[in-house]
Amino acid sequence: MQLTNPVTNQGVLQMGTPDGCTPDGCTPENCMVELMWPCFSGCFLIPRITQNHILQLRNRFQSLKYRPFRKKKTMNKILINFAHPARARSKINNALRAAVEGLENVTINDLYANYPDFLIDVKREQRLCENHDVIIFQHPFYWYSTPSIIKEWLDLVLEHGWAYGSQGRALEGKIFLQAITAGGDDSVYQKEGFTAFTIRELTSPCRAMAKLCNMNWLPPFTVLGIHRGLSEETVKVHAEDYRRVIIALRDGTLDIEKARHGQYLNSDLNSIIRRP
Ligand SMILES: Cc1cc2nc3c(=O)[nH]c(=O)nc-3n(C[C@H](O)[C@H](O)[C@H](O)COP(=O)(O)O)c2cc1C
């Protein structure tokens, strides 16, 4: 077995049997043992240095060299409550979902797949929320709102005494976000536009819910103008942006305060995502 001298980065200490140090190739200049016990006569004078001793010393060197300067990274846990009643026909939501599937600390909870009969397991859903820091509802815009299972989820899961009320603090401090895909484009969702309402206004019930539950609301991540037909390239860009947002929320590199004021979360990602 050979060990590199961790100080000079050269030379080797050659080890023989597991419980003994053979002096072959081990000189006062390159001997790690001698670095620890300065002794000009070489390692012959050190009684019974075992392979374990050497490995322990090496580990201590390595840990001293790197650990004290390394800040422990903690990641937020992201829950994506995915709601699309016809996933087989979905193009955009499937593309967004594929971009974040498998990311570390990201859980995708497919509501229509889990509850095709709408019999939502309230305790399971509450546990999922408790175990995550960021709660996202990803869905197509249906009748200026969410697909119906999300309404059912809100009605059942957000119990008094759990989500709100004097004792209900389970969601306090968590981040809340909607990721919405819509047929209409941005011009439709303006005060002077066809609908006369902005997406921010239309999503205000969810914003009010987040406020009641003491959550940190963020403006929705949106993919708009789907009815016009989005090119493959545009869909790819949206999917990459979604992945960027999820990673930034997970790694804590998204400026929540700044993001809160934008029209959409993805209006200008470069201005709200810091370099890690
Ligand atoms: C029942 C239904 C209601 C819809 N309501 C709206 C709506 O209110 N506003 C809108 O812009 N698009 C609406 N759309 C279009 C969908 O939002 C759009 O097809 C979907 O976001 C595309 O995403 P996907 O490829 O993942 O299915 C509706 C579609 C359906 C089927």
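I started with the ligand: the shell around it has 8 nonpolar, 6 polar and 1 charged residues. For these classes I counted Ala, Val, Leu, Ile, Met, Phe, Trp, Tyr, Cys and Pro as nonpolar, Asp, Glu, Lys and Arg as charged, and the others, Gly among them, as polar. Ser90, Asn93, Pro140, Gly183 and Gly184 come nearest among the 15 residues around the ligand; a residue is near if its C-beta atom, placed from the backbone, lies within 6 Å of it.

A note on what I'm looking at: this is a predicted model, where local features need pLDDT of at least 70, side-chain atom pairs count only at pLDDT 80 or more, and totals for chains, interfaces and linings use all residues. Residues are numbered from 1 along each chain as its sequence is written.

Next I looked up strand β5 (residues 134-140). Strands (E, at least two residues) and helices (H or I, at least four) are DSSP runs, numbered from the N terminus. In β5, 6 of the 7 residues are buried, so the rest of the structure largely encloses it. Buried means 20 or more other C-beta atoms within 10 Å of a residue's own (exposed is 12 or fewer, partly exposed in between), with C-beta atoms placed from the backbone.

Then I checked the neighbours of β5. Strand β3 (residues 78-82) runs parallel to β5, joined by 5 bridges; strands pair if DSSP finds at least two bridges between them. Asn81 has Phe137 in β5 as its bridge partner. With strand β6 (residues 175-181), β5 pairs in the parallel sense over 7 bridges.
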